[in-house]
Amino acid sequence: MSSVSVKRMIPSRLLSFLIAFSVSLLIISSLSLLELSDDSFITKSVLQFIFVNNASTYSKPNVPMSLIETFEIKDIASEEVGNQVSNPMNNVEELEKYERKLCNKGRARLKVYMYDLPTDFHFGLLGWKGGKNQIWPNVSYKNSIPSYPGGLNLQHSTEYWLTLDLLASVTEDVTRPCGAIRVHNSSESDVIFVPFFSSLSYNRHSNRHGKQMLSVNRLLQERLVDFLRGRKEWKRLGGRDHLIVAHHPNSMLVARKKLGSAMFVLSDFGRYPVEIANLDKDIIAPYKHMVRTVPSVDSATFSERPTLVYFQGAIYRKDGGVIRQELYYLLKDEKDVHFAFGSAQANGIKQASKGMSSSKFCLNIAGDTPSSNRLFDAIASHCVPVIISDEIELPFEDILDYSEFCIFVRAVDAVKKGHLLSYLRGVTRAKWTKMWERLKEVSKHFEYQYPSQQCDAVDMIWQSVNRKKSSTQLNVHRKNRYRRSQIV
(Lines give C-alpha, C1' and ligand atoms only; values in the text may rest on other atoms or scores of the structure.)
Protein backbone atom coordinates (compact mmCIF):
# COMPACT_ATOMS: atom_id res chain seq x y z
CA MET A 1 0.00 0.00 0.00
CA SER A 2 1.37 3.42 -0.94
CA SER A 3 2.11 6.14 1.57
CA VAL A 4 -0.51 8.33 -0.16
CA SER A 5 -3.25 5.71 0.44
CA VAL A 6 -2.24 5.38 4.08
CA LYS A 7 -2.44 9.18 4.50
CA ARG A 8 -5.96 9.17 2.96
CA MET A 9 -7.16 6.39 5.28
CA ILE A 10 -6.05 8.15 8.48
CA PRO A 11 -8.51 11.08 8.20
CA SER A 12 -11.26 8.64 7.15
CA ARG A 13 -10.72 6.40 10.19
CA LEU A 14 -10.48 9.44 12.42
CA LEU A 15 -13.77 10.80 11.04
CA SER A 16 -15.53 7.45 11.60
CA PHE A 17 -14.23 7.36 15.17
CA LEU A 18 -15.40 10.90 15.83
CA ILE A 19 -18.90 10.16 14.45
CA ALA A 20 -19.24 7.03 16.57
CA PHE A 21 -17.96 8.86 19.64
CA SER A 22 -20.38 11.77 19.06
CA VAL A 23 -23.39 9.47 18.73
CA SER A 24 -22.40 7.65 21.92
CA LEU A 25 -21.98 10.96 23.72
CA LEU A 26 -25.40 12.08 22.47
CA ILE A 27 -27.04 8.95 23.82
CA ILE A 28 -25.34 9.26 27.21
CA SER A 29 -26.25 12.96 27.44
CA SER A 30 -29.83 12.21 26.43
CA LEU A 31 -30.21 9.59 29.12
CA SER A 32 -28.96 12.07 31.69
CA LEU A 33 -31.52 14.61 30.51
CA LEU A 34 -34.24 11.98 30.69
CA GLU A 35 -33.56 11.53 34.38
CA LEU A 36 -33.66 15.26 35.07
CA SER A 37 -36.46 16.56 32.88
CA ASP A 38 -40.24 16.20 32.74
CA ASP A 39 -40.54 17.49 29.20
CA SER A 40 -41.66 14.86 26.71
CA PHE A 41 -40.22 16.92 23.85
CA ILE A 42 -36.70 15.76 24.78
CA THR A 43 -37.65 12.12 24.53
CA LYS A 44 -39.34 12.64 21.18
CA SER A 45 -36.38 14.57 19.78
CA VAL A 46 -33.84 11.98 20.94
CA LEU A 47 -35.83 9.06 19.58
CA GLN A 48 -36.50 10.84 16.29
CA PHE A 49 -32.80 11.67 15.85
CA ILE A 50 -31.70 8.11 16.57
CA PHE A 51 -34.33 6.41 14.41
CA VAL A 52 -34.39 8.83 11.50
CA ASN A 53 -30.87 10.23 11.24
CA ASN A 54 -29.22 6.87 11.85
CA ALA A 55 -31.70 4.69 9.97
CA SER A 56 -29.02 3.63 7.52
CA THR A 57 -27.05 2.04 10.36
CA TYR A 58 -29.66 -0.70 10.64
CA SER A 59 -30.97 -3.11 8.06
CA LYS A 60 -34.43 -3.08 9.71
CA PRO A 61 -37.36 -0.99 8.43
CA ASN A 62 -38.02 2.51 9.75
CA VAL A 63 -40.50 2.89 12.61
CA PRO A 64 -43.40 5.30 11.88
CA MET A 65 -42.86 8.61 13.62
CA SER A 66 -46.49 8.70 14.79
CA LEU A 67 -45.72 5.75 17.01
CA ILE A 68 -42.42 7.09 18.26
CA GLU A 69 -44.15 10.32 19.25
CA THR A 70 -46.43 8.49 21.65
CA PHE A 71 -43.53 7.92 24.05
CA GLU A 72 -43.40 10.33 26.95
CA ILE A 73 -40.39 11.10 29.04
CA LYS A 74 -41.92 9.95 32.31
CA ASP A 75 -43.15 6.78 30.62
CA ILE A 76 -39.70 5.45 29.81
CA ALA A 77 -37.01 4.57 32.32
CA SER A 78 -33.46 5.39 31.29
CA GLU A 79 -32.41 1.77 30.82
CA GLU A 80 -35.44 1.16 28.61
CA VAL A 81 -34.48 4.08 26.37
CA GLY A 82 -31.03 2.54 26.10
CA ASN A 83 -32.56 -0.74 24.99
CA GLN A 84 -34.77 1.10 22.54
CA VAL A 85 -31.71 2.76 21.01
CA SER A 86 -29.49 -0.28 20.77
CA ASN A 87 -32.21 -2.69 19.73
CA PRO A 88 -34.69 -0.90 17.44
CA MET A 89 -38.01 -2.70 16.98
CA ASN A 90 -38.31 -5.13 14.12
CA ASN A 91 -41.74 -3.85 13.12
CA VAL A 92 -44.70 -1.75 14.17
CA GLU A 93 -46.38 -4.63 15.99
CA GLU A 94 -43.41 -5.07 18.31
CA LEU A 95 -43.29 -1.34 19.01
CA GLU A 96 -47.00 -1.35 19.87
CA LYS A 97 -46.45 -4.20 22.31
CA TYR A 98 -43.59 -2.23 23.84
CA GLU A 99 -45.83 0.81 24.23
CA ARG A 100 -48.49 -1.23 26.01
CA LYS A 101 -45.87 -2.62 28.35
CA LEU A 102 -44.69 0.88 29.22
CA CYS A 103 -48.15 2.23 30.03
CA ASN A 104 -49.07 1.43 33.61
CA LYS A 105 -50.41 3.34 36.57
CA GLY A 106 -46.92 4.36 37.63
CA ARG A 107 -46.26 6.13 34.33
CA ALA A 108 -49.67 7.44 33.24
CA ARG A 109 -50.27 11.17 33.65
CA LEU A 110 -53.66 10.57 35.24
CA LYS A 111 -54.91 7.67 37.34
CA VAL A 112 -58.67 7.32 37.05
CA TYR A 113 -61.01 5.24 39.17
CA MET A 114 -64.25 4.42 37.30
CA TYR A 115 -67.37 3.25 39.07
CA ASP A 116 -68.81 -0.06 37.88
CA LEU A 117 -72.27 1.41 37.45
CA PRO A 118 -75.04 -0.90 36.21
CA THR A 119 -75.38 -1.11 32.43
CA ASP A 120 -78.60 0.98 32.64
CA PHE A 121 -76.38 4.04 32.97
CA HIS A 122 -74.12 3.47 29.97
CA PHE A 123 -73.95 0.74 27.32
CA GLY A 124 -77.40 -0.57 28.22
CA LEU A 125 -78.74 2.73 26.83
CA LEU A 126 -77.32 1.57 23.49
CA GLY A 127 -79.27 -1.68 23.69
CA TRP A 128 -76.24 -3.71 24.72
CA LYS A 129 -76.76 -6.71 26.97
CA GLY A 130 -73.73 -8.49 28.36
CA GLY A 131 -73.46 -11.94 29.81
CA LYS A 132 -74.22 -12.83 33.40
CA ASN A 133 -72.55 -10.35 35.77
CA GLN A 134 -70.95 -8.58 32.78
CA ILE A 135 -70.93 -4.79 33.17
CA TRP A 136 -68.66 -3.76 30.30
CA PRO A 137 -68.36 -4.87 26.66
CA ASN A 138 -65.18 -6.41 25.31
CA VAL A 139 -63.25 -3.51 23.79
CA SER A 140 -60.42 -5.59 22.33
CA TYR A 141 -62.11 -5.62 18.93
CA LYS A 142 -64.04 -2.77 17.35
CA ASN A 143 -66.78 -5.02 15.99
CA SER A 144 -67.68 -6.14 19.51
CA ILE A 145 -68.24 -2.57 20.76
CA PRO A 146 -71.83 -1.23 20.74
CA SER A 147 -72.24 1.68 18.31
CA TYR A 148 -73.38 5.11 19.43
CA PRO A 149 -76.51 6.39 17.61
CA GLY A 150 -75.83 8.52 14.56
CA GLY A 151 -77.28 11.82 13.43
CA LEU A 152 -77.28 14.73 15.86
CA ASN A 153 -76.95 12.33 18.81
CA LEU A 154 -73.34 11.77 17.83
CA GLN A 155 -72.24 15.37 18.34
CA HIS A 156 -72.58 14.98 22.14
CA SER A 157 -70.98 11.51 22.36
CA THR A 158 -67.99 12.59 24.50
CA GLU A 159 -69.19 10.34 27.35
CA TYR A 160 -68.95 7.28 25.09
CA TRP A 161 -65.39 7.93 23.89
CA LEU A 162 -64.00 8.65 27.36
CA THR A 163 -65.56 5.49 28.80
CA LEU A 164 -64.20 3.37 25.95
CA ASP A 165 -60.76 4.86 26.45
CA LEU A 166 -60.68 3.97 30.14
CA LEU A 167 -61.77 0.42 29.36
CA ALA A 168 -59.04 0.22 26.71
CA SER A 169 -56.41 1.43 29.17
CA VAL A 170 -56.49 -1.95 30.94
CA THR A 171 -56.89 -4.03 27.78
CA GLU A 172 -53.66 -5.59 26.51
CA ASP A 173 -54.75 -5.78 22.87
CA VAL A 174 -55.36 -2.05 22.46
CA THR A 175 -52.63 0.53 21.81
CA ARG A 176 -53.42 4.06 22.94
CA PRO A 177 -51.66 7.05 24.53
CA CYS A 178 -50.60 6.68 28.15
CA GLY A 179 -52.46 9.79 29.25
CA ALA A 180 -55.04 8.28 31.57
CA ILE A 181 -55.25 4.79 32.97
CA ARG A 182 -57.96 3.06 34.95
CA VAL A 183 -57.11 1.96 38.47
CA HIS A 184 -59.26 -0.37 40.54
CA ASN A 185 -58.56 1.18 43.93
CA SER A 186 -60.11 4.61 44.46
CA SER A 187 -57.42 5.54 47.00
CA GLU A 188 -54.82 5.40 44.18
CA SER A 189 -56.75 7.68 41.84
CA ASP A 190 -56.33 11.32 40.86
CA VAL A 191 -59.86 11.50 39.48
CA ILE A 192 -63.04 9.44 39.87
CA PHE A 193 -64.97 9.01 36.63
CA VAL A 194 -68.76 8.61 36.59
CA PRO A 195 -69.71 6.57 33.47
CA PHE A 196 -73.22 7.92 32.90
CA PHE A 197 -74.18 8.53 29.25
CA SER A 198 -76.15 11.62 30.25
CA SER A 199 -76.45 13.18 26.79
CA LEU A 200 -77.76 9.96 25.28
CA SER A 201 -80.13 9.57 28.21
CA TYR A 202 -81.51 13.05 27.53
CA ASN A 203 -81.75 12.60 23.75
CA ARG A 204 -83.40 9.18 23.84
CA HIS A 205 -85.21 8.88 27.17
CA SER A 206 -86.54 12.28 28.24
CA ASN A 207 -90.18 11.58 27.39
CA ARG A 208 -92.57 9.61 29.55
CA HIS A 209 -94.29 6.62 28.01
CA GLY A 210 -97.60 5.03 28.88
CA LYS A 211 -98.35 5.27 32.58
CA GLN A 212 -94.85 6.30 33.60
CA MET A 213 -94.82 8.99 36.27
CA LEU A 214 -91.20 9.90 35.51
CA SER A 215 -89.04 9.57 32.40
CA VAL A 216 -86.18 7.09 32.29
CA ASN A 217 -83.79 10.04 32.06
CA ARG A 218 -85.07 11.57 35.29
CA LEU A 219 -85.09 8.23 37.12
CA LEU A 220 -81.47 7.58 36.15
CA GLN A 221 -80.41 10.98 37.43
CA GLU A 222 -82.15 10.45 40.76
CA ARG A 223 -80.59 7.01 41.12
CA LEU A 224 -77.17 8.48 40.29
CA VAL A 225 -77.48 11.19 42.95
CA ASP A 226 -78.44 8.62 45.58
CA PHE A 227 -75.58 6.36 44.55
CA LEU A 228 -72.89 9.04 44.62
CA ARG A 229 -73.97 10.70 47.84
CA GLY A 230 -73.81 7.33 49.56
CA ARG A 231 -70.26 6.58 48.42
CA LYS A 232 -67.25 7.07 50.65
CA GLU A 233 -65.37 8.40 47.59
CA TRP A 234 -67.87 11.26 47.22
CA LYS A 235 -67.91 12.05 50.93
CA ARG A 236 -64.10 12.18 51.06
CA LEU A 237 -63.83 15.49 49.16
CA GLY A 238 -67.46 16.37 48.68
CA GLY A 239 -67.32 15.16 45.06
CA ARG A 240 -64.65 17.64 43.96
CA ASP A 241 -62.49 14.87 42.48
CA HIS A 242 -65.38 13.36 40.50
CA LEU A 243 -65.63 13.78 36.73
CA ILE A 244 -69.12 13.84 35.18
CA VAL A 245 -69.78 14.25 31.45
CA ALA A 246 -72.86 16.35 30.67
CA HIS A 247 -72.06 17.55 27.16
CA HIS A 248 -75.60 18.15 25.90
CA PRO A 249 -76.76 21.53 27.29
CA ASN A 250 -79.95 19.91 28.65
CA SER A 251 -78.38 16.80 30.16
CA MET A 252 -78.26 16.34 33.94
CA LEU A 253 -80.93 19.04 34.45
CA VAL A 254 -82.24 17.37 37.60
CA ALA A 255 -78.91 16.29 39.09
CA ARG A 256 -76.55 19.12 38.17
CA LYS A 257 -77.28 21.30 41.20
CA LYS A 258 -77.11 18.36 43.60
CA LEU A 259 -73.76 17.26 42.13
CA GLY A 260 -72.44 20.73 41.35
CA SER A 261 -69.21 20.29 43.31
CA ALA A 262 -67.99 17.75 40.75
CA MET A 263 -65.86 18.56 37.71
CA PHE A 264 -68.15 18.63 34.65
CA VAL A 265 -67.22 18.01 31.02
CA LEU A 266 -69.47 20.38 29.07
CA SER A 267 -69.98 21.94 25.64
CA ASP A 268 -70.45 25.42 27.16
CA PHE A 269 -71.79 27.20 30.24
CA GLY A 270 -74.86 28.68 28.52
CA ARG A 271 -77.46 26.96 30.68
CA TYR A 272 -75.53 26.74 33.94
CA PRO A 273 -75.37 29.20 36.84
CA VAL A 274 -71.79 30.23 37.52
CA GLU A 275 -71.74 28.62 40.95
CA ILE A 276 -72.45 25.23 39.34
CA ALA A 277 -70.24 25.42 36.24
CA ASN A 278 -67.25 27.64 35.54
CA LEU A 279 -63.75 27.61 34.08
CA ASP A 280 -62.10 27.30 37.47
CA LYS A 281 -63.22 23.69 37.89
CA ASP A 282 -64.84 22.41 34.68
CA ILE A 283 -63.73 21.23 31.24
CA ILE A 284 -65.02 22.44 27.87
CA ALA A 285 -64.89 19.58 25.36
CA PRO A 286 -65.38 19.74 21.58
CA TYR A 287 -68.46 18.47 19.84
CA LYS A 288 -67.91 15.49 17.56
CA HIS A 289 -68.04 17.04 14.12
CA MET A 290 -70.67 15.78 11.68
CA VAL A 291 -68.95 16.46 8.35
CA ARG A 292 -66.17 14.28 7.01
CA THR A 293 -62.59 15.11 7.94
CA VAL A 294 -60.73 16.60 4.98
CA PRO A 295 -57.23 15.09 4.65
CA SER A 296 -54.56 17.80 4.62
CA VAL A 297 -53.33 16.77 1.18
CA ASP A 298 -56.84 17.22 -0.25
CA SER A 299 -57.60 20.55 1.44
CA ALA A 300 -58.50 23.27 -1.06
CA THR A 301 -56.29 26.36 -1.12
CA PHE A 302 -57.38 30.02 -1.07
CA SER A 303 -57.88 30.23 -4.84
CA GLU A 304 -59.66 26.87 -4.93
CA ARG A 305 -62.43 28.03 -2.57
CA PRO A 306 -64.89 30.12 -4.61
CA THR A 307 -67.26 30.94 -1.72
CA LEU A 308 -66.15 33.73 0.60
CA VAL A 309 -68.56 33.09 3.50
CA TYR A 310 -70.59 29.99 4.34
CA PHE A 311 -73.40 29.36 6.80
CA GLN A 312 -76.04 26.67 6.70
CA GLY A 313 -78.25 25.85 9.64
CA ALA A 314 -81.21 26.97 11.72
CA ILE A 315 -81.76 30.70 11.22
CA TYR A 316 -84.55 31.55 13.64
CA ARG A 317 -83.29 30.95 17.18
CA LYS A 318 -84.15 32.30 20.62
CA ASP A 319 -82.04 34.01 23.28
CA GLY A 320 -78.60 35.06 21.95
CA GLY A 321 -79.32 33.31 18.65
CA VAL A 322 -81.52 36.11 17.30
CA ILE A 323 -78.36 37.49 15.69
CA ARG A 324 -78.60 34.73 13.10
CA GLN A 325 -81.78 36.25 11.74
CA GLU A 326 -80.23 39.73 11.57
CA LEU A 327 -77.19 38.41 9.72
CA TYR A 328 -79.35 36.41 7.34
CA TYR A 329 -81.12 39.55 6.08
CA LEU A 330 -77.80 41.39 5.83
CA LEU A 331 -75.96 38.70 3.88
CA LYS A 332 -78.44 36.54 1.97
CA ASP A 333 -78.24 38.53 -1.29
CA GLU A 334 -74.50 39.18 -1.26
CA LYS A 335 -72.38 37.63 -3.97
CA ASP A 336 -69.95 34.85 -2.99
CA VAL A 337 -71.92 34.30 0.24
CA HIS A 338 -73.89 31.16 1.06
CA PHE A 339 -76.31 31.81 3.94
CA ALA A 340 -79.19 29.37 3.98
CA PHE A 341 -81.39 27.20 6.15
CA GLY A 342 -80.19 23.63 6.59
CA SER A 343 -80.44 20.62 8.87
CA ALA A 344 -78.85 17.23 9.43
CA GLN A 345 -81.77 15.54 7.70
CA ALA A 346 -81.60 13.97 4.23
CA ASN A 347 -78.40 15.18 2.51
CA GLY A 348 -77.83 18.10 4.89
CA ILE A 349 -74.53 16.86 6.29
CA LYS A 350 -73.19 15.94 2.87
CA GLN A 351 -74.13 19.36 1.51
CA ALA A 352 -72.53 21.11 4.48
CA SER A 353 -69.34 19.11 4.04
CA LYS A 354 -69.10 20.10 0.38
CA GLY A 355 -69.97 23.73 1.09
CA MET A 356 -67.53 24.22 3.96
CA SER A 357 -64.62 22.57 2.19
CA SER A 358 -65.07 24.96 -0.76
CA SER A 359 -65.41 28.15 1.34
CA LYS A 360 -62.79 30.49 2.75
CA PHE A 361 -64.69 31.46 5.91
CA CYS A 362 -67.38 29.60 7.86
CA LEU A 363 -69.62 31.46 10.26
CA ASN A 364 -70.08 30.11 13.77
CA ILE A 365 -72.93 32.22 15.16
CA ALA A 366 -74.47 31.92 18.61
CA GLY A 367 -77.70 29.94 18.67
CA ASP A 368 -79.84 28.85 21.61
CA THR A 369 -76.53 28.37 23.41
CA PRO A 370 -73.13 30.05 22.84
CA SER A 371 -71.58 27.00 21.13
CA SER A 372 -72.53 24.69 18.30
CA ASN A 373 -71.14 21.79 16.34
CA ARG A 374 -70.62 24.12 13.36
CA LEU A 375 -67.26 25.36 14.69
CA PHE A 376 -65.84 21.84 14.69
CA ASP A 377 -67.30 21.08 11.27
CA ALA A 378 -65.43 24.15 9.99
CA ILE A 379 -62.18 23.01 11.61
CA ALA A 380 -62.52 19.53 10.08
CA SER A 381 -63.10 21.22 6.68
CA HIS A 382 -60.14 23.64 7.10
CA CYS A 383 -62.55 26.52 6.55
CA VAL A 384 -61.39 29.44 8.69
CA PRO A 385 -64.03 29.82 11.43
CA VAL A 386 -65.53 33.24 12.06
CA ILE A 387 -66.83 33.14 15.63
CA ILE A 388 -69.71 35.52 16.39
CA SER A 389 -70.59 34.43 19.89
CA ASP A 390 -69.48 36.72 22.69
CA GLU A 391 -70.10 34.22 25.50
CA ILE A 392 -68.50 31.17 23.89
CA GLU A 393 -65.97 29.06 25.75
CA LEU A 394 -63.54 27.02 23.68
CA PRO A 395 -61.93 23.61 24.27
CA PHE A 396 -58.28 23.51 25.30
CA GLU A 397 -57.88 27.29 25.09
CA ASP A 398 -55.27 27.22 27.83
CA ILE A 399 -52.86 25.63 25.34
CA LEU A 400 -54.42 26.54 21.97
CA ASP A 401 -54.47 30.14 20.78
CA TYR A 402 -57.61 30.21 18.63
CA SER A 403 -56.68 33.59 17.16
CA GLU A 404 -54.09 31.70 15.10
CA PHE A 405 -56.79 29.84 13.14
CA CYS A 406 -60.10 31.60 13.90
CA ILE A 407 -61.44 35.11 13.50
CA PHE A 408 -63.51 36.65 16.31
CA VAL A 409 -66.10 39.33 15.61
CA ARG A 410 -68.20 40.84 18.38
CA ALA A 411 -71.94 40.53 17.85
CA VAL A 412 -72.48 44.29 18.05
CA ASP A 413 -70.01 44.80 15.17
CA ALA A 414 -71.17 41.86 13.06
CA VAL A 415 -74.68 43.32 12.61
CA LYS A 416 -73.44 46.70 11.38
CA LYS A 417 -74.30 46.95 7.69
CA GLY A 418 -71.29 46.13 5.54
CA HIS A 419 -68.93 45.59 8.47
CA LEU A 420 -68.54 41.80 8.41
CA LEU A 421 -67.93 41.39 4.69
CA SER A 422 -65.58 44.37 4.60
CA TYR A 423 -63.64 42.87 7.47
CA LEU A 424 -63.35 39.42 5.87
CA ARG A 425 -62.48 40.76 2.42
CA GLY A 426 -59.66 42.63 4.12
CA VAL A 427 -57.99 39.43 5.22
CA THR A 428 -55.00 38.99 2.94
CA ARG A 429 -54.32 35.78 1.06
CA ALA A 430 -51.10 35.37 3.04
CA LYS A 431 -52.89 35.75 6.38
CA TRP A 432 -55.68 33.36 5.36
CA THR A 433 -53.14 30.78 4.19
CA LYS A 434 -51.28 31.01 7.48
CA MET A 435 -54.52 30.34 9.37
CA TRP A 436 -55.42 27.52 6.97
CA GLU A 437 -52.05 25.86 7.55
CA ARG A 438 -52.59 26.14 11.30
CA LEU A 439 -56.07 24.61 10.94
CA LYS A 440 -54.54 21.57 9.29
CA GLU A 441 -52.15 21.23 12.23
CA VAL A 442 -54.71 21.56 15.01
CA SER A 443 -57.63 19.65 13.50
CA LYS A 444 -56.37 16.39 15.02
CA HIS A 445 -57.12 17.79 18.49
CA PHE A 446 -60.84 17.71 17.72
CA GLU A 447 -61.10 14.13 16.43
CA TYR A 448 -62.91 11.52 18.52
CA GLN A 449 -61.89 7.97 17.64
CA TYR A 450 -61.28 4.52 19.01
CA PRO A 451 -58.66 3.65 19.97
CA SER A 452 -57.69 7.17 20.95
CA GLN A 453 -54.55 8.65 19.44
CA GLN A 454 -51.87 10.99 20.72
CA CYS A 455 -53.33 14.49 21.18
CA ASP A 456 -56.75 13.68 19.71
CA ALA A 457 -59.93 14.91 21.43
CA VAL A 458 -59.98 12.16 24.05
CA ASP A 459 -56.30 12.52 24.92
CA MET A 460 -56.65 16.31 25.03
CA ILE A 461 -59.57 16.06 27.45
CA TRP A 462 -57.52 13.88 29.80
CA GLN A 463 -54.69 16.38 29.54
CA SER A 464 -57.13 19.19 30.40
CA VAL A 465 -58.29 17.33 33.48
CA ASN A 466 -54.68 16.83 34.49
CA ARG A 467 -53.73 20.49 34.27
CA LYS A 468 -57.04 21.97 35.41
CA LYS A 469 -55.46 23.97 38.21
CA SER A 470 -53.42 26.08 35.82
CA SER A 471 -55.36 28.92 34.21
CA THR A 472 -52.63 31.45 33.41
CA GLN A 473 -52.13 30.61 29.73
CA LEU A 474 -55.87 30.37 29.18
CA ASN A 475 -56.27 34.00 30.23
CA VAL A 476 -53.45 35.06 27.87
CA HIS A 477 -55.06 33.35 24.88
CA ARG A 478 -58.51 34.71 25.67
CA LYS A 479 -57.10 38.24 25.50
CA ASN A 480 -55.86 37.56 21.95
CA ARG A 481 -59.35 36.95 20.55
CA TYR A 482 -60.08 40.41 19.12
CA ARG A 483 -56.66 41.64 18.07
CA ARG A 484 -56.92 43.85 14.98
CA SER A 485 -53.62 42.44 13.71
CA GLN A 486 -55.50 39.25 12.76
CA ILE A 487 -56.26 40.35 9.22
CA VAL A 488 -52.83 41.46 7.96
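Before I name any pairs of residues, let me say that contact here means heavy atoms within 4.5 Å, and also that what we are looking at is a predicted model.

With that in hand, let me start with two helices, α7, which covers residues 198-205, and α8, which covers residues 216-229. On the α7 side the residues that take part are Ser198, Ser201, Tyr202 and His205, and they meet Val216, Asn217 and Leu220 of α8. Sorted by class, this contact between α7 and α8 holds three nonpolar residues, four polar ones and no charged ones. In general, two packed helices are described by the angle between their axes and the distance between the axes. For α7 and α8 the angle is about 150 degrees and the axes lie 8 Å apart; angles over 145 degrees count as roughly antiparallel, and α7 and α8 are therefore roughly antiparallel to each other.

Let me step back to the chain as a whole. The chain has 488 residues, of which 53% are buried, and its secondary structure consists of 17 helices and 11 strands. If we take the contacts with a separation of 6 or more, 70% of them are between residues 24 or more positions apart.

Now to the interior, where I would like to begin with helix α6, residues 158-168. How many of the residues of α6 are buried? The count is 11 of the 11, so α6 is largely enclosed by the rest of the structure. These buried residues include Glu159 and Asp165 as well as Trp161, Leu162 and Leu166.

Helix α6 also packs against α16, with an angle of about 85 degrees and 10 Å between the axes. Since angles of 65 to 115 degrees count as roughly perpendicular, α6 and α16 are therefore described as roughly perpendicular to each other. In this pair, Thr158, Trp161, Leu162, Asp165 and Leu166 of α6 meet Val458, Ile461 and Trp462 of α16. By class, the contact of α6 with α16 is made up of six nonpolar residues, one polar and one charged.

Trp462 leads us on to the largest nonpolar core, which has 108 residues, and in which Leu363, Ile407 and Trp462 touch the most other members. Helix α6 gives this core its largest share, seven residues. Setting aside neighbours within four places in sequence, the contacts of Trp462 include Leu162, Asp165 and Leu166, and also Leu110, Val112, Ala180, Phe193 and Leu243. There is a second, separate core of eight residues, with Tyr310, Met356, Ala378 and Ala380 among them.

Met356 belongs to helix α11, residues 348-357, where it is buried together with Gly348, Ala352, Ser353, Gly355 and Ser357. Among the elements that cover the buried residues of α11 are β7, β9 and α12.

Which cysteines are joined by a disulfide? The partners are Cys362 and Cys383, with a distance from S to S of 2.2 Å, and a search of the whole structure finds one disulfide. Cys362 sits in strand β9 and Cys383 in the loop between α12 and β10, so to speak distant parts of the chain, 21 residues apart. The torsion about the S-S bond is about 105 degrees, so this disulfide is right-handed. Residues under 20% relative accessible area count as buried, and Cys362, at 1%, therefore counts as buried, as does Cys383, at 0%. Cys406 is buried too, with a relative accessible area of 0%.

Is Asp336 buried or partly exposed? Its relative accessible area is 32%, and Asp336 is therefore partly exposed.

Methods: Residues are numbered from 1 along each chain as its sequence is written. This is a predicted model: local features need pLDDT of at least 70, side-chain atom pairs count only at pLDDT 80 or more; totals for chains, interfaces and linings use all residues. Side-chain values use heavy atoms; hydrogens and water are left out. Axes are lines fitted to C-alpha atoms, for helices over the stretch in contact, and angles run from 0 to 180 degrees between N-to-C directions. Helices (H or I, at least four residues) and strands (E, at least two) are DSSP runs, numbered from the N terminus. Angles under 35 degrees count as roughly parallel, over 145 as roughly antiparallel, 65 to 115 as roughly perpendicular and the rest as oblique. Ala, Val, Leu, Ile, Met, Phe, Trp, Tyr, Cys and Pro count as nonpolar, Asp, Glu, Lys and Arg as charged, and the others, Gly among them, as polar. A disulfide is a pair of cysteine sulfur atoms within 2.5 Å. Buried means under 20% relative accessible area, exposed over 50%, partly exposed in between (1.4 Å probe, protein chains only). A nonpolar core is a set of buried Ala, Val, Leu, Ile, Met, Phe, Trp, Tyr and Cys residues joined through side-chain atoms within 4.5 Å.
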